Number of protein chains: 2
Amino acid sequence: MEFKKQILSNGLSVIGEINNSAKSAAVGFFVKTGSRDECKEINGVSHFLEHMLFKGTEKLSALQVNEAFDKTGAQFNAFTSEEMTVFYAAVLPEYLIQVTQLWAEIMKPSLRIEDFDIEKNVIKEEIAMYKDMPNFDVIDRCRKLHFDSHPCGNSVLGTDESITNLTALQMRGYFANRYAPNNMTVAVAGNFQWDKFISTIDADCSKWKTQDAPRIIQDHSGNKKIERIEKANLSREHICLMSPAVSAQDPGRFASSVLAAIIGDSVGSQFFWELVDKALAEIALMQFVAMDGTGLFCSYISCSSENTPKVLDIVKNVFDNLKSSGVTEKELQTAKNKILSALVIKNELPMGRLADLGFNWLYLKQYRHIDDDINSIKSVNQKDIHNLIEQYDSGEFTQLSLGPKK
Amino acid sequence: MEFKKQILSNGLSVIGEINNSAKSAAVGFFVKTGSRDECKEINGVSHFLEHMLFKGTEKLSALQVNEAFDKTGAQFNAFTSEEMTVFYAAVLPEYLIQVTQLWAEIMKPSLRIEDFDIEKNVIKEEIAMYKDMPNFDVIDRCRKLHFDSHPCGNSVLGTDESITNLTALQMRGYFANRYAPNNMTVAVAGNFQWDKFISTIDADCSKWKTQDAPRIIQDHSGNKKIERIEKANLSREHICLMSPAVSAQDPGRFASSVLAAIIGDSVGSQFFWELVDKALAEIALMQFVAMDGTGLFCSYISCSSENTPKVLDIVKNVFDNLKSSGVTEKELQTAKNKILSALVIKNELPMGRLADLGFNWLYLKQYRHIDDDINSIKSVNQKDIHNLIEQYDSGEFTQLSLGPKK
């Protein structure tokens with residue numbers, strides 16, 4: 001493993017980690033813009049824009065973009081979150097330069113009005129589709145409730161209203177400000193030659209213009225309201241709980257992952273033994289969500305309406321016990337073991353490695369070798385966990401439920 | 001890469017592929033039993049049994065099973081399909097023997113009546129939960145409609161009724177017959193030592209008793225009915241189409257994968273350009289499903305009710321054109337390119353390799369090096385595709401829709 005880095009004069013960060021024994025290479029364009037960077041009027045523009053980037057450039061039509069990807073055989077995709085918009089591809093090593101040039105071209109989209117109008121319907125359909133999936137819908141709604149007017153509460157998809165009213169002009173303005181080279185990182189991992197890669201990026205991206213692309217960073221402790229929304233035809237109760245946690249920059253993020261695994265990993269956790277194993281809930285998970293300057297513990301539970309009061313009592317007990325008794329050394333070691341092994345296995349594939357490379361650069365402007373992360377997990381101790389529990393009371397949460405008519 | 005194989009005297013197949021440069025190892029117990037091996041009275045028993053295997057053995061309680069997994073830090077799970085029940089784990093190499101011994105122990109479950117009664121509720125909750133997910137529900141219902149009384153139409157989860165009426169005695173009988181060593185394959189991939197592995201399996205599994213574990217193999221051409229089911233509160237139309245295809249043993253399976261990619265890959269396919277790109281549907285996919293002695297082309301489309309007639313007209317046109325004009329050389333090359341690159345990237349990880357090793361052994365009793373599969377894909381030509389189109393008319397399908405009240 002060898003790390004490479006170059007910052008172009010326009011501010012574009014280019015980083016790479018070479019693994020010559022890999023059979024593939026993965027490349028990603030990480031743009032530090034997402035729904036939290038939107039105001040209410042243009043909510044959903046980041047995600048809509050991600051779609052529009054596949055609609056073509058001055059040089060390439062949408063059809064040609066698609067055909068160009070197909071020629072490389074790339075496994076490619078893009079996603080938009082509250083925090084970032086990421087375009088990535090995994091390819092056989094001989095196609096890396098070709099697919100990288102294609103991404104660089106795509107980053108200069110035409111944003112044609114005809115495409116904009118058609119794609120608007122695609123986005124509205126996607127919004128409608130997610131309404132049929134209570135497990136997604138409940139988390140989206142809970143985030144809004146938790147963060148209230150803080151921009152991290154913005155829905156990634158936007159609302160039917162915000163998308164309907166969005167104009168191509170607004171999108172172009174957003175693009176010009178946010179897709180600035182100084183607000184982006186290009187990362188590459190796996191089997192590749194750095195010299196070829198950096199000269200490709202230099203040739204294709206060095207003329208992009210630096211812009212002022214600020215982000216409002218503000219911690220938020222959540223509003224701790226409780227809401228329930230009824231939906232005819234649901235057969236289960238879908239419950240989301242959110243409480244504040246450390247940020248993606250905080251050294252406590254490793255201990256936070258361990259704590260979330262102890263409480264709500266899919267197997268062997270406290271939620272698993274108290275709720276799933278006892279057949280009181282079919283799903284009961286807790287995750288640590290690290291964000292820019294803030295963070296969340298997010299739990300999702302699916303159970304029958306009948307069992308809901310009992311389930312919520314048990315959840316309360318889990319958090320109460322945490323405050324009074326902390327976690328045991330055995331729980332700590334087990335959770336660390338699981339996280340470590342998942343980390344190594346995920347990072348074995350260039351695509352897995354790419355994600356960690358990109359996220360670390362985006363949040364920390366820092367390269368972390370996989371061993372750095374391994375050591376950070378290994379060093380988490382009971383005191384770290386207990387400090388977290390004292391600082392962030394996960395028992396004080398925002399709660400949103402979707403469930404059948406009572 | 002080195003392939004290893006041993007068939008124990010009780011019929012247990014043990015196979016392995018060594019990759020010393022991998023950072024992990026993956027092991028799987030592939031049991032050739034699934035919902036298609038159930039009669040109506042015990043429908044759902046394979047999946048329910050998969051759950052019960054985690055509830056403990058004579059030596060280990062459920063808690064101890066879970067703790068034992070946790071000690072290895074394994075990424076482990078199990079799944080049940082129409083065709084098979086698979087238990088698998090990926091671990092750091094130093095934990096492979098430990099996790100293999102644990103799986104071998106788990107294959108001798110106590111099937112205690114108290115656990116059975118509790119787990120029955122978990123299964124019934126899972127059935128209820130999937131009813132909230134139209135994208136799953138529609139495929140399950142369509143398979144039933146398509147296969148009719150053929151056992152491949154059986155739901156993996158079973159029905160509320162079949163699970164309610166199932167007894168522990170019936171489950172024990174099913175287990176004794178189906179989890180026979182001659183009906184199982186143990187596979188291992190990645191970084192491991194064969195001698196240590198095979199002696200572990202020999203010590204732990206050689207006393208398991210051979211049983212008669214037949215499977216009814218019968219091709220089925222599907223009944224081509226059309227049904228629509230209304231569900232209040234759905235906002236979209238969820239449509240599933242199924243038509244017959246070649247089996248998992250048929251050399252035509254490679255051409256079938258290519259054909260499905262040409263028609264219904266998530267990007268760049270005919271469905272993509274005609275439906276998704278034009279914003280007529282938000283999802284339009286077609287997959288080839290290879291099964292034991294039979295097969296399916298399965299399409300899933302999600303769109304607005306308003307667009308449904310237009311969408312179905314376009315689907316009809318796609319299949320009509322296929323019959324009259326076949327596919328172009330360009331479409332063929334593009335699809336092959338995508339499949340090849342996905343194949344190489346998936347097989348880069350021991351866990352991905354494990355799946356292909358196990359499936360090939362289960363269906364073919366044959367080891368196929370990744371290069372064998374690569375060559376089979378590379379050699380697919382237009383004539384193969386056109387033969388398939390003539391033999392299996394994908395335009396003659398069973399159709400099931402879930403949608404809102406009209």
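The questions and answers below concern a predicted model and go from its conventions to its chains and some loop residues. Residues are numbered from 1 along each chain as its sequence is written, while chains are lettered from A and ligands numbered from 1 in the order in which they are written. Local features need pLDDT of at least 70, side-chain atom pairs count only at pLDDT 80 or more, totals for chains, interfaces and linings use all residues, and side-chain values use heavy atoms, with hydrogens and water left out.

Me: What rotation superposes chain A on chain B?
Reply: Copies are superposed by least squares on the C-alpha atoms of residues with pLDDT of at least 70 in both. The shift along the axis is 0.0 Å and the RMSD is 0.0 Å, for a rotation of 180 degrees. That is the relation of a two-fold axis.

Me: Is A:Ala279 buried or exposed?
Reply: A:Ala279 lies in the loop between α10 (270–276) and β9 (283–290) of chain A, where helices (H or I, at least four residues) and strands (E, at least two) are DSSP runs numbered from the N terminus. Its phi is near 65 degrees, a positive value in a residue other than glycine. Buried means under 20% relative accessible area, exposed over 50%, partly exposed in between (1.4 Å probe, protein chains only). With a relative accessible area of 8%, A:Ala279 is buried.

Me: Which residues does B:Ser81 touch, not counting those up to four places away in sequence?
Reply: B:Ser81 sits in the loop between β4 (75–80) and β5 (85–91) of chain B, and is buried at 16% relative accessible area. Taking contact as heavy atoms within 4.5 Å, the residues touched by B:Ser81 are B:Gly34, B:Ser35 and B:Val156.
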